[in-house]
Amino acid sequence: MEVAHCYLEGNADAVEFCPHDSCSHVLAAATYNLEEGDKPIRSGSISLFEVDADEDRFRLFHRVETAGIFDVKWNPVGGDIDKPMLAQADADGFLKIHQFECFSDEEKGGVLKEICGEKISSSMCLCLDWNPSGTSISVGLSDGSVSVVSFSESKLDTIQQWKAHDFELWATSFDMHQPQLVYTGSDDCKFCCWDLRDSPSNRVFLNSKVHTMGVCCIAKNPSNPNILLTGSYDECLRVWDMRSMSKPVNETSVQLGGGVWRIKYHPYVPDLVLAACMHNGFAVVDTKEETSKVVETYDKHGSLAYGADWQKRKLSDKYKMNSTVVATCSFYDRLLRIWVPENNIVT
């Protein structure tokens, strides 16, 4: 069910709804543009939108011009920092933190203010993830390295950095149940786990046999500490059982018909996932063990399906279903869409 759409100022590659209750109406959309030449210029932006499907409200209220952005993520709810913070990983090798400052309740807007930034590497920062407390961030780099950066009192400090993979590192994810662990995935087709209690970090396991192409995304199941998902260019969404620390003990997969670039767990429904499938649009997938299946697809984008997220609040009875708003974006056509799944998937 269509709610709204608009075209961004650049190639759209990431969308993130704010998870904090007071700002759940805020959607961040990021872009990346490449101007080729002797000295390529990579520019981008972060646009903030108000999204309220119940009131038919969708409006742009703030935009920040930046370096080309590969990934953005809001800080987690329940961490040490209760203010909404948006982290960006960009093509200039920087990790930057923006604080969102709300206007009055009547205006429903606000601004992003950069409070700190750290040049992590001469390589590009491709992906990032907050630890559950919001006190550190893992960053994947284009040279195959991963950095772990502490964040406190508006200051960033690189704690560790090591060569984790042979090629671009597109996926990094803290284990929300065991935050001393970080998972990584790369164009080298390897899926790894690292223990941050050692310095340099100790590799807990390496799987190089299952993914037949690069690993694009990793997500831990928030409601089941034993389950983790990976997405790959090989078009498979894989469900892993992590009960063995030496290596995943079981793996099942569902074919999505396009490279699985982004996976997001539903905020309320266990095992339900939204997937951005690059050349095959978007899919809603039920990832229950042994029975993973696609329950809905969305094909209203005409370009690479990159960004996808669920809004962290439910709709009213206006839509005659108890569901959740979705934001998706596609790259070359610069399109951002807001929609509601047709199936009544939320109970």
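Modeller: In sorting lining residues, Ala, Val, Leu, Ile, Met, Phe, Trp, Tyr, Cys and Pro count as nonpolar, Asp, Glu, Lys and Arg as charged, and the others, Gly among them, as polar. The model is predicted, so local features need pLDDT of at least 70 and side-chain atom pairs count only at pLDDT 80 or more, while totals for chains, interfaces and linings use all residues. Residues are numbered from 1 along each chain as its sequence is written, and side-chain values use heavy atoms, leaving out hydrogens and water.

I begin with the pockets. On a 1 Å grid over the protein atoms alone, a pocket is an open set of points where a 1.4 Å probe fits, with protein on both sides within 12 Å along at least five of seven lines, and its lining residues have an atom within 4 Å of a point. Points are joined across faces, edges and corners, and the volume is the space filled by probe spheres set on them.

The second largest pocket has a volume of about 260 Å³. Its lining consists of 13 residues, with Phe-70, Trp-170, Trp-261, Tyr-306 and Phe-331 closest to the centre. By class, this lining has eleven nonpolar residues, two charged residues and no polar ones.

The largest pocket holds about 1,100 Å³ of space. It is lined by 41 residues, and those nearest its centre are Lys-73, Asp-129, Met-176, Lys-264 and Lys-312. The lining of the largest pocket comprises 24 nonpolar, seven polar and ten charged residues. Several strands (DSSP runs of E, at least two residues, numbered from the N terminus) take part in it. At least two lining residues come from each of β2 (12–17), β6 (69–74), β10 (125–130), β14 (169–174), β18 (215–220), β22 (262–265) and β26 (305–314).

Taken along the principal axes, the box filled by its C-alpha atoms is roughly 50 × 45 × 45 Å.

Let us now turn to individual residues, starting with Ser-138. Ser-138 belongs to strand β11 (residues 136–141). Its relative accessible area is 0%, so Ser-138 is buried. Leaving aside residues up to four places away in sequence, Ser-138 touches Cys-127, Leu-128, Asp-129, Ser-147, Val-148, Thr-172, Ser-173, Phe-174 and Val-182. The side chains of Ser-138 and Thr-172 are joined by a polar contact of 2.9 Å. Such a contact is a pair of N or O atoms within 3.5 Å; within protein, one must be able to donate a hydrogen and the other to accept it, and residues adjacent in sequence count only if both atoms are side-chain atoms.

Beyond residues up to four places away in sequence, His-165 touches Asp-143, Gly-144, Thr-184, Gly-185, Ser-186, Asp-188, Lys-190 and Cys-192. Between the C-alpha atoms of His-165 and Val-111 there are 37 Å, with 54 residues separating the two along the chain.

Two further serines may be considered as a pair. Ser-24 sits in the loop between β2 and β3 (26–35), whereas Ser-145 is found in strand β12 (residues 145–152). Ser-24 counts as buried because its relative accessibility is 7%, and Ser-145 is buried because its relative accessible area is 6%. Their C-alpha atoms are 33 Å apart, and the two residues are 121 residues apart along the chain. Not counting residues up to four places away in sequence, Ser-24 touches Phe-17, Cys-18, Gln-311 and Arg-313.

Lastly, the backbone deserves attention at two places. Glu-153, although not a glycine, has a positive phi of about 50 degrees. Glu-153 lies in the loop between β12 and β13 and counts as exposed because its relative accessibility is 78%. Met-278 is likewise not a glycine and has a positive phi of about 50 degrees. Its place is the loop between β23 (272–276) and β24 (282–286). With a relative accessible area of 8%, Met-278 is buried.

Conventions. Helix = DSSP H or I, 4+ residues; strand = E, 2+ residues; numbered from the N terminus. Buried < 20%, exposed > 50% of the residue type's maximum accessible area, 1.4 Å probe, protein only. Contact = heavy atoms within 4.5 Å.
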